[in-house]
Amino acid sequence: MSVSAIQERFVAFGARLGVYRGAETPASFGNTAAEFRVLLEDCAMFDMGWQAKLVLTGEDRVRWLNGMVTNNVRDLAVGQGVYSFLLNAQGRIQGDLVAYNRGDYLLVTTDRGQAPAIAAIFEHYIIMDDVEVADISDKLATIGVAGPNAPGVLSKAGIEVAQLQPGQVSDTVWCGIGISVARSAQSAMDGYEIWFSGDNTHKIWEALRSGGATPMGSDALELYRIVRGVPRFGIDLRDKDLPQETGQHYALNFAKGCYIGQEIVERIHSRAILHRTFVGFELEGEPPAPGTEVRLGEKKKGETTSAARVPLPGGERTLALGYVHPDIATPGTNVQIGGQTATVQTLPFPSKR
(Lines give C-alpha, C1' and ligand atoms only; values in the text may rest on other atoms or scores of the structure.)
Protein backbone atom coordinates (compact mmCIF):
# COMPACT_ATOMS: atom_id res chain seq x y z
CA MET A 1 0.00 0.00 0.00
CA SER A 2 1.21 3.49 -0.73
CA VAL A 3 1.73 5.82 2.22
CA SER A 4 0.00 9.18 1.82
CA ALA A 5 1.53 12.48 2.83
CA ILE A 6 -0.58 12.62 5.97
CA GLN A 7 0.46 9.06 6.89
CA GLU A 8 4.09 10.09 6.49
CA ARG A 9 3.35 12.91 8.91
CA PHE A 10 1.72 10.43 11.31
CA VAL A 11 4.91 8.36 11.21
CA ALA A 12 6.92 11.51 11.96
CA PHE A 13 4.69 11.97 15.04
CA GLY A 14 5.65 8.46 16.19
CA ALA A 15 2.79 6.46 14.68
CA ARG A 16 3.10 2.80 13.83
CA LEU A 17 1.03 2.07 10.73
CA GLY A 18 -1.13 -1.00 10.26
CA VAL A 19 -4.04 -2.24 8.19
CA TYR A 20 -7.45 -1.68 9.77
CA ARG A 21 -10.85 -2.22 8.15
CA GLY A 22 -9.26 -2.47 4.72
CA ALA A 23 -6.94 0.55 4.79
CA GLU A 24 -3.53 1.56 6.10
CA THR A 25 -3.87 3.80 9.13
CA PRO A 26 -2.01 4.58 12.39
CA ALA A 27 -2.30 1.54 14.66
CA SER A 28 -0.70 3.33 17.62
CA PHE A 29 1.12 6.54 18.46
CA GLY A 30 3.42 4.71 20.86
CA ASN A 31 1.28 3.83 23.88
CA THR A 32 -1.97 2.04 23.12
CA ALA A 33 -2.97 1.78 26.80
CA ALA A 34 -2.59 5.55 27.33
CA GLU A 35 -4.50 6.29 24.11
CA PHE A 36 -7.33 4.01 25.25
CA ARG A 37 -7.53 5.75 28.63
CA VAL A 38 -7.75 9.14 26.90
CA LEU A 39 -10.70 7.85 24.90
CA LEU A 40 -12.41 6.75 28.12
CA GLU A 41 -11.67 9.88 30.14
CA ASP A 42 -10.95 12.84 27.86
CA CYS A 43 -10.88 13.30 24.07
CA ALA A 44 -9.13 11.29 21.38
CA MET A 45 -8.86 11.88 17.65
CA PHE A 46 -8.08 9.28 15.01
CA ASP A 47 -7.63 8.85 11.30
CA MET A 48 -10.67 7.33 9.58
CA GLY A 49 -9.08 6.77 6.20
CA TRP A 50 -10.59 3.28 6.41
CA GLN A 51 -14.09 4.72 5.94
CA ALA A 52 -15.56 4.22 2.47
CA LYS A 53 -18.20 6.56 1.05
CA LEU A 54 -20.67 5.63 -1.68
CA VAL A 55 -22.96 8.24 -3.26
CA LEU A 56 -26.37 7.17 -4.62
CA THR A 57 -28.11 9.45 -7.11
CA GLY A 58 -31.14 9.12 -9.38
CA GLU A 59 -34.87 9.60 -8.87
CA ASP A 60 -35.42 6.10 -7.47
CA ARG A 61 -32.52 6.19 -4.96
CA VAL A 62 -34.60 6.48 -1.77
CA ARG A 63 -37.23 3.89 -2.67
CA TRP A 64 -34.55 1.53 -3.99
CA LEU A 65 -32.18 1.74 -0.99
CA ASN A 66 -35.11 1.42 1.40
CA GLY A 67 -35.82 -1.92 -0.28
CA MET A 68 -32.21 -3.03 0.16
CA VAL A 69 -31.42 -2.43 3.84
CA THR A 70 -32.98 -3.28 7.21
CA ASN A 71 -33.61 0.25 8.49
CA ASN A 72 -35.93 3.05 7.37
CA VAL A 73 -34.27 5.19 4.71
CA ARG A 74 -37.55 6.34 3.20
CA ASP A 75 -38.49 8.64 6.08
CA LEU A 76 -35.07 10.12 6.85
CA ALA A 77 -35.03 13.88 7.17
CA VAL A 78 -32.36 15.72 5.22
CA GLY A 79 -29.16 15.62 7.26
CA GLN A 80 -30.11 12.44 9.14
CA GLY A 81 -28.64 8.94 8.90
CA VAL A 82 -29.36 5.43 10.20
CA TYR A 83 -27.29 2.32 10.82
CA SER A 84 -28.46 -0.69 8.80
CA PHE A 85 -27.66 -4.21 7.75
CA LEU A 86 -27.56 -5.48 4.19
CA LEU A 87 -28.95 -9.03 4.03
CA ASN A 88 -29.33 -11.83 1.52
CA ALA A 89 -32.68 -13.50 0.79
CA GLN A 90 -32.05 -15.97 3.64
CA GLY A 91 -31.75 -13.08 6.11
CA ARG A 92 -28.00 -13.52 6.63
CA ILE A 93 -25.83 -10.43 7.10
CA GLN A 94 -23.85 -9.39 4.01
CA GLY A 95 -22.59 -6.08 5.37
CA ASP A 96 -23.35 -3.10 7.59
CA LEU A 97 -23.48 0.59 6.75
CA VAL A 98 -24.84 4.01 7.65
CA ALA A 99 -27.15 5.68 5.12
CA TYR A 100 -27.54 9.49 5.18
CA ASN A 101 -30.13 11.62 3.41
CA ARG A 102 -28.05 14.43 1.91
CA GLY A 103 -30.88 16.09 0.01
CA ASP A 104 -30.24 15.47 -3.67
CA TYR A 105 -28.29 12.28 -2.98
CA LEU A 106 -27.85 9.52 -0.42
CA LEU A 107 -24.48 8.90 1.21
CA VAL A 108 -23.57 5.41 2.40
CA THR A 109 -20.58 4.99 4.70
CA THR A 110 -18.99 1.65 5.53
CA ASP A 111 -15.52 0.10 5.85
CA ARG A 112 -13.19 0.06 2.86
CA GLY A 113 -12.90 -3.66 3.40
CA GLN A 114 -16.64 -4.04 2.80
CA ALA A 115 -17.16 -1.41 0.11
CA PRO A 116 -16.39 -3.50 -3.01
CA ALA A 117 -18.80 -6.27 -1.99
CA ILE A 118 -21.52 -3.80 -1.01
CA ALA A 119 -21.12 -1.86 -4.26
CA ALA A 120 -21.32 -5.14 -6.22
CA ILE A 121 -24.55 -6.13 -4.40
CA PHE A 122 -25.97 -2.69 -5.12
CA GLU A 123 -25.11 -2.94 -8.81
CA HIS A 124 -26.62 -6.44 -8.99
CA TYR A 125 -29.99 -5.20 -7.75
CA ILE A 126 -30.18 -2.04 -9.87
CA ILE A 127 -32.25 -3.39 -12.75
CA MET A 128 -34.78 -0.92 -14.17
CA ASP A 129 -34.24 1.60 -11.36
CA ASP A 130 -32.98 5.14 -11.86
CA VAL A 131 -30.09 4.75 -9.44
CA GLU A 132 -26.37 5.32 -9.89
CA VAL A 133 -23.64 4.41 -7.40
CA ALA A 134 -20.32 6.28 -7.23
CA ASP A 135 -17.42 5.63 -4.87
CA ILE A 136 -16.06 8.94 -3.54
CA SER A 137 -13.91 7.41 -0.77
CA ASP A 138 -10.71 8.96 -2.10
CA LYS A 139 -12.27 12.43 -2.43
CA LEU A 140 -13.18 12.95 1.22
CA ALA A 141 -10.91 12.48 4.23
CA THR A 142 -12.35 11.73 7.67
CA ILE A 143 -11.08 12.34 11.19
CA GLY A 144 -12.92 10.86 14.15
CA VAL A 145 -13.19 12.59 17.53
CA ALA A 146 -14.54 10.76 20.59
CA GLY A 147 -14.49 10.72 24.38
CA PRO A 148 -16.44 12.54 27.11
CA ASN A 149 -14.72 15.86 26.38
CA ALA A 150 -15.11 15.65 22.59
CA PRO A 151 -17.78 18.40 22.31
CA GLY A 152 -15.62 20.82 24.33
CA VAL A 153 -12.50 20.10 22.30
CA LEU A 154 -14.38 20.55 19.04
CA SER A 155 -15.78 23.84 20.33
CA LYS A 156 -12.27 25.07 21.17
CA ALA A 157 -11.26 24.21 17.62
CA GLY A 158 -14.17 26.29 16.31
CA ILE A 159 -16.49 23.38 15.46
CA GLU A 160 -19.81 23.40 17.31
CA VAL A 161 -21.59 20.06 17.74
CA ALA A 162 -23.82 20.68 20.77
CA GLN A 163 -27.03 20.43 18.74
CA LEU A 164 -26.14 17.30 16.76
CA GLN A 165 -28.26 14.24 17.49
CA PRO A 166 -27.08 10.65 16.90
CA GLY A 167 -26.96 10.01 13.16
CA GLN A 168 -27.21 13.69 12.26
CA VAL A 169 -24.80 15.44 9.89
CA SER A 170 -24.29 19.18 9.49
CA ASP A 171 -22.43 21.18 6.85
CA THR A 172 -20.44 24.26 7.78
CA VAL A 173 -17.49 26.41 6.78
CA TRP A 174 -14.50 26.25 9.13
CA CYS A 175 -11.58 28.63 8.60
CA GLY A 176 -12.61 28.99 4.98
CA ILE A 177 -12.82 25.21 4.51
CA GLY A 178 -16.08 23.42 3.78
CA ILE A 179 -16.58 20.53 6.21
CA SER A 180 -19.35 18.18 7.30
CA VAL A 181 -19.66 16.98 10.90
CA ALA A 182 -21.59 13.79 11.66
CA ARG A 183 -22.46 12.30 15.04
CA SER A 184 -22.22 8.52 15.24
CA ALA A 185 -25.37 6.63 14.28
CA GLN A 186 -24.30 3.82 16.65
CA SER A 187 -24.98 5.17 20.13
CA ALA A 188 -22.61 2.70 21.81
CA MET A 189 -19.71 4.20 19.83
CA ASP A 190 -20.81 7.81 20.35
CA GLY A 191 -18.41 10.24 18.75
CA TYR A 192 -18.05 12.60 15.79
CA GLU A 193 -16.75 12.35 12.25
CA ILE A 194 -15.39 15.33 10.32
CA TRP A 195 -15.51 14.96 6.52
CA PHE A 196 -13.45 17.28 4.31
CA SER A 197 -11.11 17.47 1.33
CA GLY A 198 -7.93 15.52 2.03
CA ASP A 199 -5.81 18.56 1.17
CA ASN A 200 -6.88 20.06 4.50
CA THR A 201 -6.09 17.08 6.74
CA HIS A 202 -3.03 18.60 8.37
CA LYS A 203 -4.78 21.88 9.17
CA ILE A 204 -7.77 20.19 10.81
CA TRP A 205 -5.61 17.63 12.64
CA GLU A 206 -3.44 20.37 14.15
CA ALA A 207 -6.47 22.47 15.15
CA LEU A 208 -7.92 19.49 17.02
CA ARG A 209 -4.60 18.81 18.75
CA SER A 210 -4.40 22.46 19.79
CA GLY A 211 -7.95 22.18 21.13
CA GLY A 212 -6.92 19.33 23.42
CA ALA A 213 -7.49 16.13 21.44
CA THR A 214 -4.92 13.35 21.80
CA PRO A 215 -3.95 11.29 18.70
CA MET A 216 -5.04 7.68 18.95
CA GLY A 217 -4.49 4.62 16.77
CA SER A 218 -6.78 1.84 15.63
CA ASP A 219 -5.46 -0.58 18.30
CA ALA A 220 -6.99 1.56 21.07
CA LEU A 221 -10.16 2.07 19.02
CA GLU A 222 -10.51 -1.69 18.72
CA LEU A 223 -10.18 -2.09 22.51
CA TYR A 224 -12.92 0.51 22.93
CA ARG A 225 -15.15 -1.31 20.45
CA ILE A 226 -14.86 -4.50 22.50
CA VAL A 227 -15.54 -2.72 25.80
CA ARG A 228 -18.62 -1.09 24.27
CA GLY A 229 -19.81 -4.47 22.96
CA VAL A 230 -20.15 -3.36 19.33
CA PRO A 231 -19.85 -6.20 16.79
CA ARG A 232 -17.60 -5.62 13.77
CA PHE A 233 -18.37 -6.94 10.32
CA GLY A 234 -16.05 -9.73 9.22
CA ILE A 235 -15.23 -10.60 12.84
CA ASP A 236 -18.41 -10.62 14.93
CA LEU A 237 -20.87 -10.10 12.07
CA ARG A 238 -20.53 -12.89 9.52
CA ASP A 239 -22.58 -14.13 6.59
CA LYS A 240 -23.94 -16.94 8.78
CA ASP A 241 -25.39 -14.51 11.34
CA LEU A 242 -28.98 -13.27 11.52
CA PRO A 243 -29.73 -9.65 12.52
CA GLN A 244 -31.55 -10.32 15.79
CA GLU A 245 -28.77 -12.62 16.96
CA THR A 246 -26.37 -9.66 17.01
CA GLY A 247 -28.36 -7.59 19.50
CA GLN A 248 -28.16 -4.53 17.23
CA HIS A 249 -31.90 -3.90 17.27
CA TYR A 250 -31.52 -0.24 16.31
CA ALA A 251 -30.48 -1.49 12.85
CA LEU A 252 -33.97 -2.88 12.26
CA ASN A 253 -37.27 -1.20 11.40
CA PHE A 254 -40.46 -3.26 11.38
CA ALA A 255 -42.76 -0.66 9.80
CA LYS A 256 -40.78 0.41 6.71
CA GLY A 257 -42.05 -2.10 4.15
CA CYS A 258 -40.33 -4.80 2.14
CA TYR A 259 -36.60 -5.32 1.78
CA ILE A 260 -34.28 -8.21 0.95
CA GLY A 261 -34.32 -10.75 3.79
CA GLN A 262 -37.35 -9.17 5.49
CA GLU A 263 -39.37 -12.38 5.56
CA ILE A 264 -36.79 -14.10 7.77
CA VAL A 265 -36.40 -11.06 10.05
CA GLU A 266 -40.19 -10.81 10.47
CA ARG A 267 -40.50 -14.53 11.18
CA ILE A 268 -37.91 -14.34 13.97
CA HIS A 269 -39.60 -11.20 15.34
CA SER A 270 -43.10 -12.68 15.37
CA ARG A 271 -42.10 -16.03 16.84
CA ALA A 272 -39.57 -14.55 19.29
CA ILE A 273 -37.30 -17.54 18.79
CA LEU A 274 -33.52 -17.19 18.66
CA HIS A 275 -30.96 -19.98 18.73
CA ARG A 276 -28.00 -17.67 19.51
CA THR A 277 -27.48 -14.24 21.00
CA PHE A 278 -24.52 -11.86 21.22
CA VAL A 279 -23.00 -11.43 24.70
CA GLY A 280 -19.83 -10.47 26.52
CA PHE A 281 -17.51 -12.64 28.59
CA GLU A 282 -14.89 -11.95 31.23
CA LEU A 283 -12.00 -14.38 31.68
CA GLU A 284 -9.02 -14.61 34.00
CA GLY A 285 -6.34 -15.62 31.50
CA GLU A 286 -5.20 -14.73 28.02
CA PRO A 287 -7.66 -13.68 25.28
CA PRO A 288 -9.12 -16.70 23.47
CA ALA A 289 -8.76 -17.02 19.71
CA PRO A 290 -11.81 -16.25 17.56
CA GLY A 291 -14.00 -19.30 17.21
CA THR A 292 -13.04 -20.80 20.59
CA GLU A 293 -15.89 -22.94 21.87
CA VAL A 294 -18.04 -21.78 24.76
CA ARG A 295 -19.15 -24.79 26.80
CA LEU A 296 -21.40 -25.50 29.75
CA GLY A 297 -20.35 -28.83 31.15
CA GLU A 298 -19.93 -31.18 28.18
CA LYS A 299 -22.20 -29.21 25.87
CA LYS A 300 -21.07 -26.67 23.30
CA LYS A 301 -23.16 -23.55 23.80
CA GLY A 302 -21.48 -20.99 21.55
CA GLU A 303 -18.23 -19.44 20.37
CA THR A 304 -16.10 -16.34 20.83
CA THR A 305 -15.58 -13.80 18.04
CA SER A 306 -13.43 -10.97 19.52
CA ALA A 307 -11.23 -10.81 22.62
CA ALA A 308 -8.55 -8.58 24.13
CA ARG A 309 -6.61 -7.83 27.27
CA VAL A 310 -8.00 -4.38 28.11
CA PRO A 311 -6.15 -1.81 30.30
CA LEU A 312 -9.15 -0.46 32.21
CA PRO A 313 -8.83 2.09 35.05
CA GLY A 314 -9.30 -0.58 37.73
CA GLY A 315 -6.68 -2.85 36.17
CA GLU A 316 -6.26 -5.08 33.14
CA ARG A 317 -9.14 -7.40 32.32
CA THR A 318 -9.61 -10.06 29.66
CA LEU A 319 -12.84 -9.38 27.80
CA ALA A 320 -14.42 -11.24 24.91
CA LEU A 321 -17.44 -11.05 22.65
CA GLY A 322 -19.32 -13.93 21.08
CA TYR A 323 -22.54 -15.87 20.66
CA VAL A 324 -24.22 -18.30 23.03
CA HIS A 325 -27.51 -20.14 23.24
CA PRO A 326 -30.10 -17.92 24.97
CA ASP A 327 -30.49 -20.37 27.85
CA ILE A 328 -27.04 -19.39 29.18
CA ALA A 329 -27.07 -15.70 28.20
CA THR A 330 -27.99 -14.55 31.70
CA PRO A 331 -25.27 -12.27 33.16
CA GLY A 332 -23.27 -14.08 35.82
CA THR A 333 -23.53 -17.51 34.21
CA ASN A 334 -20.24 -19.40 34.46
CA VAL A 335 -19.02 -21.15 31.31
CA GLN A 336 -15.82 -22.68 29.92
CA ILE A 337 -14.00 -21.01 27.04
CA GLY A 338 -11.23 -23.28 25.88
CA GLY A 339 -9.55 -24.32 29.12
CA GLN A 340 -10.57 -21.18 31.01
CA THR A 341 -13.50 -20.33 33.27
CA ALA A 342 -15.46 -17.31 32.07
CA THR A 343 -18.51 -15.36 33.18
CA VAL A 344 -21.23 -14.08 30.87
CA GLN A 345 -21.48 -10.27 31.08
CA THR A 346 -23.93 -7.60 29.99
CA LEU A 347 -22.92 -5.23 27.19
CA PRO A 348 -21.41 -2.76 27.19
CA PHE A 349 -18.87 -3.84 29.79
CA PRO A 350 -18.52 -1.39 32.70
CA SER A 351 -15.30 0.59 32.16
CA LYS A 352 -14.86 1.25 35.87
CA ARG A 353 -14.98 -1.37 38.59
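Visitor: How many bridges join β9 to β12?
Guide: Six, and the two strands run antiparallel. Strand β12 covers residues 191-196. Strands here are DSSP runs of E, at least two residues, and helices are runs of H or I, at least four residues, both numbered from the N terminus. Two strands pair if DSSP finds at least two bridges between them.

Visitor: What should I know about the model itself?
Guide: It is a predicted model: local features need pLDDT of at least 70, side-chain atom pairs count only at pLDDT 80 or more, and totals for chains, interfaces and linings use all residues. Residues are numbered from 1 along each chain as its sequence is written, and side-chain values use heavy atoms, with hydrogens and water left out.

Visitor: Which residue stands opposite G191 of β12?
Guide: A146.

Visitor: And what does β3 do with β9?
Guide: Strand β3, residues 44-47, pairs with β9 in the antiparallel sense over four bridges. M45 has V145 of β9 as its bridge partner.

Visitor: Is β9 mostly covered or uncovered?
Guide: Mostly covered. Six of its six residues, 141-146, are buried. Buried means under 20% relative accessible area, exposed over 50%, partly exposed in between, with a 1.4 Å probe and protein chains only. A141, I143 and V145 point one way, T142, G144 and A146 the other.

Visitor: New topic. Why is T109 called buried?
Guide: Because its relative accessible area is 5%. T109 lies in β7, residues 106-111.

Visitor: What is T109 in contact with?
Guide: Leaving aside neighbours within four places in sequence, its contacts (heavy atoms within 4.5 Å) include Q51, L97, Y100 and W195.
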